[in-house]
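Hi,

Here is the structure I promised to pass on.

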Amino acid sequence: MDNMLVWMLIFAGATIGLLAVFLIASERELRIKRREIETLANQSPDSTNSTLPDEINFEQQADVNAIRKLETENKQLREEIETFNTKLDESENRVRE
C-alpha cells in the first residue's frame with residue numbers, strides 16, 4: 001500500500017512537471033504572437049501599401065485583415081455613440097427648458 005502511494009506521488013509530480021513545460025512553451029508562443037500583433041497594429045490601418053514581413057503566412061494575414069476590419073467597425077461604433085450622446089444631451093436640455 002505504501003509503495004503504491006509513493007508511485008502515485010511520483011507520477012503526480014511528473015504530470016505537474018510536464019504541464020509546467022507545456023505552460024512555459026505556450027507562454028513563449030503567446031509572447032511572440034503578441035509582438036507580431038503589436039508591430040502590425042502600429043502600422044497604419046488606412047494605408048493600402050503597407051508592407052508586411054515576409055514570414056507572415058496566410059493565416060496571419062487573415063488575422064491582420066480581421067483586426068483591421070474590427071478597428072474600422074470600432075471607429076464607426078464610437079462615432080455612433082458620440083452622435084447618440086449629443087442627441088441625448090440636446091434632449092435633456094429641451095426637457096429642462
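How much accessible surface does the protein have, and what share of it belongs to carbon and sulfur atoms? The total comes to about 9000 Å², and carbon and sulfur atoms account for 60% of that. Keep in mind that this is a predicted model.

On the fold: the protein has two helices and zero strands. Of its 97 residues, 5% count as buried.

Helix 1 covers residues 2-42, and Ile 10 sits in it. Together with Val 6, Trp 7 and Phe 11, Ile 10 makes a nonpolar surface patch of about 420 Å². Ile 10 itself counts as partly exposed, because its relative accessibility is 45% and that class lies between 20% and 50%.

Now for the charged side chains. Searching the whole structure turns up one salt bridge. It joins the side chains of Glu 90 and Arg 94, at 3.9 Å from N to O. Side chains of opposite charge can pair when their charged atoms come close. Both residues belong to helix 2 (residues 58-96), and because they are four residues apart there, about one helical turn separates them.

How open are the two partners, then? Glu 90 has 44% relative accessibility, so this residue counts as partly exposed. Arg 94 has a relative accessible area of 56%, which means that this one is exposed, the cut-off being over 50%.

That's what I have for now.

Cheers

Technical notes:
Residues are numbered from 1 along each chain as its sequence is written. This is a predicted model: local features need pLDDT of at least 70, side-chain atom pairs count only at pLDDT 80 or more; totals for chains, interfaces and linings use all residues. Side-chain values use heavy atoms; hydrogens and water are left out. Buried means under 20% relative accessible area, exposed over 50%, partly exposed in between (1.4 Å probe, protein chains only). Accessible areas come from the Shrake-Rupley method with a 1.4 Å probe; for residues, only the protein chains shown count as cover. Patches are made of residues with over 30% relative accessible area and no salt bridge: like charges are joined within 9 Å, nonpolar side chains (Val, Leu, Ile, Met, Phe, Trp, Tyr) within 5 Å. A salt bridge is a side-chain nitrogen of Lys or Arg within 4 Å of a carboxyl oxygen of Asp or Glu.
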